[in-house]
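Please read it with the sequence and the coordinates side by side.

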Amino acid sequence: MSKYKQIAEYLELFLKNEVEKTGIKKVVIGLSGGLDSAVVAVLAQKAFGENLLCVKMPSQYSSQSSLDDADELCRDFGLNAITCSIEPMLRAYEEMNPHLNNLRKGNFSSRMRMSTLFDISARENALVLGTSNKSELMLGYGTLYGDLASAINPIGDLYKSEVFELAEYLGVSLSIIKKPPSADLWDGQSDEADLGYTYAQLDGAMKLYVEERLSREEILSRGIEEKMLDMIIAKIFRNHFKRKMPVIAKLTSRTLNHDFNYPRDITL
């Protein structure tokens with residue numbers, strides 16, 4: 001059995017089990033036309049079939065290729081999908097804030113998409129599935145309460161380079177696999193341009209630091225670029241707050257997330 005066959009089967013079972021615990025039958029996912037959401041959508045289709053709803057949420061900055069790729073994925077795998085454009089909300093906010101820079105514009109877009117998705121999840125009595133991979137989560141490359149928000153994330157322990165390989169196993173179209181990663185948050189936005197390195201370069205260094213727990217000096221001795229490694233280490237620690245629940249000041253004997261730590265799926 002191939003590595004990615006095992007991973008796909010495990011993640012399908014993981015999704016079924018975690019959703020079943022809540023008593024909810026349906027799931028929703030934001031479908032961008034990119035790699036991560038494509039992989040999660042295919043896994044969710046295998047797990048839930050007609051109980052999966054994909055939501056396309058384009059803006060004026062969405063590339064036509066992303067829209068076409070999302071449509072192709074829906075045709076290839078028979079995905080239920082609807083379109084809810086965030087363009088009117090984004091244009092209204094841009095008019096109110098004419099000096100928005102790309103960072104603010106991208107964060108606002110991401111949060112508008114997640115607000116839309118969670119509203120649809122309430123309408124459908126469904127859970128929101130996350131699409132952030134481990135590379136993004138470790139580096140903090142995501143928007144708090146935007147694309148980082150979800151009820152369940154099946155790919156958060158897979159590095160981006162591994163998501164590419166899982167996509168190939170699942171039969172995701174080459175047009176999605178081969179195109180440069182981008183969240184289409186503003187004109188010409190590119191994930192790897194933002195980060196300054198390819199995901200292959202970043203993942204190679206992160207696996208040594210995170211999985212093998214090598215020291216900085218040991219990693220440098222492997223030929224990893226010093227500037228990139230220092231950037232990775234700085235981002236991992238600087239963005240740790242994005243991977244944690246909000247910190248609560250302790251004032252009583254049993255404070256949430258301090259000493260009141262039941263599993264999320266506990267029942268009486």
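Arg216, Glu217, Glu226 and Asp230 are joined to one another in a network of salt bridges. The model is a predicted one, and across the whole structure the salt bridges number 17.

- Lys5 and Glu9 meet through their side chains in a salt bridge with an N to O distance of 2.5 Å; because the two residues are 4 apart in helix 1, about one helical turn separates Lys5 from Glu9.
- Both partners of that pair are partly exposed, Lys5 having a relative accessibility of 29% and Glu9 a relative accessible area of 37%.
- Lys16 and Glu12 form a salt bridge through their side chains, with 3.5 Å from N to O, and these residues also lie 4 apart in helix 1, about one turn of the helix.
- Lys16 is partly exposed, its relative accessible area being 34%.
- Lys21 forms a salt bridge with Glu18, where the closest N and O atoms are 3.0 Å apart; here the spacing in helix 1 is 3 residues, so that Lys21 and Glu18 are likewise separated by about one helical turn.
- Lys21 counts as partly exposed at 43% relative accessibility, and Glu18 also counts as partly exposed, at 22%.

**Nonpolar cores**

- In soluble globular proteins, nonpolar side chains tend to be buried together.
- The largest nonpolar core holds 40 residues, and the members that touch the most other members are Val39, Leu43, Leu73, Leu166, Leu170 and Val172.
- The elements giving two or more residues to this core are helix 1 (3–22), helix 2 (35–48), helix 3 (64–77), helix 7 (160–170) and helix 8 (174–178), together with strand 1 (26–30) and strand 2 (52–56).
- Among these contributors, helix 2 gives the most to the core, with 10 residues.
- Which residues are in contact with Leu166, leaving aside its neighbours within four places in sequence? They are Tyr4, Ile7, Ala8, Leu11, Val39, Leu43 and Leu158.

**Nonpolar surface patch**

- Ile248, Leu256, Phe260, Tyr262 and Ile266 form a nonpolar patch on the surface, and together these residues have about 460 Å² of accessible area.
- Ile266, one of the patch residues, is placed in the segment after helix 12 (226–238).
- The relative accessible area of Ile266 is 48%, so this residue is classed as partly exposed.

**Cysteines**

- A disulfide is a covalent bond between the sulfur atoms of two cysteines.
- The structure holds 0 disulfides, and Cys54 accordingly takes part in none, the nearest cysteine sulfur being that of Cys74, 5.4 Å away.

Terms used:
Residues are numbered from 1 along each chain as its sequence is written. This is a predicted model: local features need pLDDT of at least 70, side-chain atom pairs count only at pLDDT 80 or more; totals for chains, interfaces and linings use all residues. Side-chain values use heavy atoms; hydrogens and water are left out. A nonpolar core is a set of buried Ala, Val, Leu, Ile, Met, Phe, Trp, Tyr and Cys residues joined through side-chain atoms within 4.5 Å. Buried means under 20% relative accessible area, exposed over 50%, partly exposed in between (1.4 Å probe, protein chains only). Contact means heavy atoms within 4.5 Å. Patches are made of residues with over 30% relative accessible area and no salt bridge: like charges are joined within 9 Å, nonpolar side chains (Val, Leu, Ile, Met, Phe, Trp, Tyr) within 5 Å. Accessible areas come from the Shrake-Rupley method with a 1.4 Å probe; for residues, only the protein chains shown count as cover. A salt bridge is a side-chain nitrogen of Lys or Arg within 4 Å of a carboxyl oxygen of Asp or Glu. A disulfide is a pair of cysteine sulfur atoms within 2.5 Å.
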